[in-house]
Amino acid sequence: MKTEAESLVIMGRIVAPYGVQGWVKVLPDTEALDGLLDYQTWQIGKDGNWKQIKLMSGKVHNDVLVVKLEGVNDRDAAFACKGMQIAVPRDALPELDDEDGFYWSDLIGLAVTNQQGVAFGKIVDVFETGANDVIVVQGEVERLIPFAEHTVIKVDIAQQTMLVDWDEDY
């Protein structure tokens, strides 16, 4: 049986207060910038401590979202939310197109190895650059590896592994 934290999918994070009335800036990890606005209830938290909170209002502002959350009514309360992750229950998300599909948050923690058997470390972040998505792998050194068809050979969520075509010296 999955715990509450295991049934959540990280969808973004709160990066800063916005104004003086409790609004916050959110950097979403969704395909569409406004995708998080489809969910009326979010889980926010840090280090596995989650709190359910209702989305009161939100809009796209440049390359972030600005949102008003229930109970966050001034700049101090908004500042207290800075750095918190935003998640939604996995069962609230749309069905994936195929059985091998996954969400970006599913990649966090995967052990990455190249075709020569060199262990690079674990994925700690995924981000979009415009040209292609990038995985951040933390091991003895930090590596930024394009998350592209020619680079990522196999993703095995069940085994928590990823095989990449990437040279150890990059």
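Let's start in strand 10, where Pro146 is the bridge partner of Val134. Two strands count as paired if DSSP finds at least two bridges between them. Strands (E, at least two residues) and helices (H or I, at least four) are DSSP runs, numbered from the N terminus.

Before going on, a word on the model. It is a predicted one: local features need pLDDT of at least 70, side-chain atom pairs count only at pLDDT 80 or more, and totals for chains, interfaces and linings use all residues. Residues are numbered from 1 along each chain as its sequence is written, and side-chain values use heavy atoms, with hydrogens and water left out.

Back to our strands. Strand 9 and strand 10 (residues 142–147) run antiparallel and share six bridges. Three residues make the hairpin link from strand 9 to strand 10. Now the other partner of strand 9. Strand 8 (residues 119–128) and strand 9 (residues 133–138) are antiparallel too, joined by six bridges. Here Val134 in strand 9 stands opposite Phe127. The hairpin of strand 8 and strand 9 has four residues between the strands. In that hairpin, Gly130 has a positive phi near 110 degrees.

Now the whole chain. How many helices and strands does the chain have? Two helices and 12 strands. The order along the sequence is β-β-β-β-β-α-β-α-β-β-β-β-β-β. Its C-alpha atoms fill a box of roughly 55 × 35 × 25 Å, taken along the principal axes.

Contacts next. Contact means heavy atoms within 4.5 Å. Take the contacts between residues at least 6 apart in sequence: 51% of them join residues at least 24 apart.

What about the inside? Buried means under 20% relative accessible area, exposed means over 50%, and partly exposed is in between (1.4 Å probe, protein chains only). Of the 170 residues in the chain, 36% are buried.

A nonpolar core is a set of buried Ala, Val, Leu, Ile, Met, Phe, Trp, Tyr and Cys residues, joined through side-chain atoms within 4.5 Å. Which residues have the most contacts inside the largest core? They are Ile14, Val26, Trp42, Val67 and Leu69, in a core of 22 residues. At least two residues of this core come from each of strand 1 (8–18), strand 2 (23–28), strand 3 (41–46), strand 4 (49–61), strand 5 (64–69) and strand 6 (85–89). Look at Leu69. Leaving out residues up to four places away in sequence, Leu69 touches Ile14, Val24, Trp42, Ile53, Lys54, Leu55 and Met56. There is also a second, separate core of 14 residues, including Leu107, Leu110, Ile135 and Phe147.

Is Ser105 buried or exposed? Ser105 is buried, because its relative accessible area is 18%. Ser105 sits in helix 2 (residues 104–107). Beyond neighbours within four places in sequence, Ser105 is in contact with Val9 and Ile10.

Ser7 lies in the segment before strand 1. Ser7 has 26% relative accessibility, so it counts as partly exposed. Residues up to four places away aside, Ser7 touches Val88, Pro89 and Arg90. Gly101 is 94 residues from Ser7 along the chain, and their C-alpha atoms are separated by 16 Å.

Last, charge. Lys and Arg count as positive, Asp and Glu as negative; His and the chain ends are not counted. The chain has 14 positive and 29 negative charges, and their mean positions are 11 Å apart. Each charge is placed at NZ of Lys, CZ of Arg, CG of Asp or CD of Glu.
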